[in-house]
Amino acid sequence: MTEFRSGFVTFVGRPNVGKSTLTNALVGEKVAITSDKPQTTRRAIRGIVNRPGGQLVIVDTPGIHKPRTLLGERLNDLVEQVLGDVDAICFLVPATEKVGPGDRRIAASLDGYPRAKKVAVVTKTDLASRDQITERLMEADSLREDWDAVIPISAVAGEQLDVLADELLSLMPEGPALYEEGVVTDESLEDRIAEIIRESALEGVRDELPHSIAVTIEDISERDTGSMTDIHANVVVERDSQKAIIIGNKGSRLRDVGARARAQIEPLVGTKVFLKLHVRVAKEWQRDPKQLGRLGF
């Protein structure tokens, strides 16, 4: 009987290096929202990768950044907590950008987690030339002496994902599966729906908005016929001016957000969805401990 391995893996790197995209690609289903806005991820989402020889539980963390608000501080604390508990840490750098001071700082900070195995991953190879990839692999390799592996991948093109998954599994401790087969995330349905709505609201908004958007679910109920699910959700922003941006001219933007979100929620709940979005203002919620608590941070 070959041994079964299972354990926890997390990806670290500057915001927007492709952590959530890689999580989704390895899991084979969308469990983490992706956006070209940095710091999109706000909680430690677990994506579960089932392989013949074992199971990887991916804890997707927010990007490490210099915090400007209480929310920022809480996100950084969350990262710290996760890194202390995992079996392997993958440090991600995009093939398309030179390794910079931010990357060096994060790579050096991994000294604080001696028990975790460490793998350097060069992402977005589908967008880079062969020379860029070679250069990036050398730069990443030189950041630490103790990498267990240095692997180039493209989550979008699906290149080398098996190599990465197999390498990570080999670094896991022997042990039984942590989740039943077929489970892809331990996030609740409510959390997944809230995140999908937030992702839809982030699309196409100006830079000042992303951190100001939170989503809470008021109610999810299936109609008696079983063919329709009613979902009532609040999109929470910090200022009246932001509320106007989200709603758009005569409600056009909010309708788009609803349509985009609905298209992703319907396959998740397995019925048609009636989605009612209400935009409300909670002044400066990112800096207010009470409001942060109410919004789940």
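Tutor: Contact here means heavy atoms within 4.5 Å. Keep in mind that this is a predicted model.

Take the pair α6 and α8. Two packed helices are described by the angle between their axes and the distance between the axes. Helix α6 covers residues 189-202, and its axis comes within 8 Å of the axis of α8. The two axes cross at roughly 145 degrees. The crossing of α6 with α8 is right-handed.

Which residues of α6 and α8 meet? From α6 come L189, R192, I193, I196, I197, E199, S200 and A201. From α8 come R253, V257, R260, A261, Q264, I265, L268 and V269. By class, this contact has ten nonpolar residues, two polar and four charged.

Now follow V269 out of the helix pair. V269 is one of the α8 residues that meet α6, and V269 is also in contact with T229. T229 sits in strand β8, residues 228-237. Is T229 buried or exposed? Its relative accessibility is 4%, so T229 counts as buried; the cut-off for buried is under 20%. Leaving aside neighbours within four places in sequence, T229 also touches I220, S221, E222, T271, K272, V273 and F274.

Go to the other end of α8. This helix spans 252-269, and α7 spans 240-247. The loop between them holds K250. K250 is not a glycine, yet its phi is positive, about 55 degrees. K250 counts as exposed because its relative accessibility is 75%.

K124 is found in the loop between β5 (117-123) and α4 (130-141). At 25% relative accessibility, K124 counts as partly exposed.

Next, the interior. In soluble globular proteins, nonpolar side chains tend to be buried together. The largest nonpolar core in this model has 26 residues. L22, L26, V119 and L164 have the most contacts inside it. At least two residues of this core come from each of β1, α1 (19-27), β3 (54-60), β4, β5, β6 (149-152) and α5 (161-171). Helix α5 supplies the largest share, six residues.

V119 shows what such a position looks like. Leaving aside neighbours within four places in sequence, V119 is in contact with I89, C90, F91, W147, D148, A149, I151, L164, L168 and L171.

Helix α3, residues 101-109, gives a view of one-sided burial. G102, D103, I106 and A107 are buried there. They cover an arc of only 130 degrees around the axis, which puts them on the same side of α3. The cover over the buried residues of α3 includes β1 (5-12) and β4 (88-94).

Last, the whole chain. The protein has nine helices and nine strands. Of its 297 residues, 50% are buried. Among contacts between residues at least 6 apart in sequence, 72% join residues at least 24 apart.

Note on methods: Residues numbered from 1 in each chain as written. Predicted model: local features only at pLDDT ≥ 70, side-chain atom pairs only at ≥ 80, totals over all residues. Heavy atoms only, no water. Helix = DSSP H or I, 4+ residues; strand = E, 2+ residues; numbered from the N terminus. Buried < 20%, exposed > 50% of the residue type's maximum accessible area, 1.4 Å probe, protein only. Arc of directions from axis to C-beta. Core = buried A, V, L, I, M, F, W, Y, C linked by side-chain atoms within 4.5 Å. Axes fitted to C-alpha atoms, helices over the stretch in contact; angles between N-to-C directions. Left-handed = near helix turned anticlockwise from the far one by under 90°. Nonpolar A, V, L, I, M, F, W, Y, C, P; charged D, E, K, R; others polar.
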